[in-house]
Amino acid sequence: MDVHIRSEKIDDYKEIREVNILAFNREDEAKLIEAIRESAYFVPELSLVAVTDEHEIAALPLKRTKEICQL
């Protein structure tokens with residue numbers, strides 16, 4: 001099985017949601033991903049999916065964060 005990493009597309013959102021619900025047996029993680037996408041810190045270019053035979057098997061949405069530790 002060949003697995004390819006590529007940028008997430010809007011057309012992937014539904015299947016990514018389904019994968020997360022199946023993986024975690026609840027909606028919390030799927031809702032978290034949706035909230036990250038709606039965040040001002042979301043970086044679409046860094047939101048990746050792993051696909052095989054054009055089916056999503058993993059998603060990695062990334063966002064910017066503020067550094068909060070002080071030295």
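Predicted model: local features only at pLDDT ≥ 70, side-chain atom pairs only at ≥ 80, totals over all residues.

Residues are numbered from 1 along each chain as its sequence is written, and side-chain values use heavy atoms, with hydrogens and water left out.

**Whole chain.** Colour by secondary structure, and you will find 2 helices and 3 strands, which follow the pattern β-α-α-β-β along the sequence; helices (H or I, at least four residues) and strands (E, at least two) are DSSP runs, numbered from the N terminus. Of the 71 residues in the chain, 27% are buried, where buried means under 20% relative accessible area, exposed over 50%, and partly exposed in between, with a 1.4 Å probe and protein chains only.

**Helix H1.** Select residues 13-24, the helix H1. Its 12 residues should span 16 Å at 1.5 Å a residue, and the end C-alpha atoms are 17 Å apart, which agrees; the expected span is 1.5 Å times one less than the number of residues.

**Helix H2.** Now select residues 28-38 and show the side chains of Glu29, Ala30, Ile33, Ile36 and Arg37, which are buried. They lie on the same side of H2 because they cover an arc of only 120 degrees around the axis, the arc being that of the directions from the helix axis to the C-beta atoms. These buried residues pack against H1, while Leu32 and Glu38, on the other side of H2, are exposed.

**Arginine 37.** Which residues does arginine 37 touch? Leaving aside residues up to four places away in sequence, it touches Glu8, Tyr13, Ile16 and Phe42, with contact meaning heavy atoms within 4.5 Å. Its charged end sits over the ring of tyrosine 13, 3.7 Å from the centre; this term requires NZ of Lys or CZ of Arg within 6 Å of the ring centre and within 35 degrees of the ring normal. The relative accessible area of arginine 37 is 13%.

**Strands E1 and E2.** Finally, select residues 4-7 (E1) together with E2, which pair in the antiparallel sense over 4 bridges; two strands pair if DSSP finds at least two bridges between them. Isoleucine 5 stands opposite alanine 50 in E2, and in E2 (residues 48-52) 4 of the 5 residues are buried.
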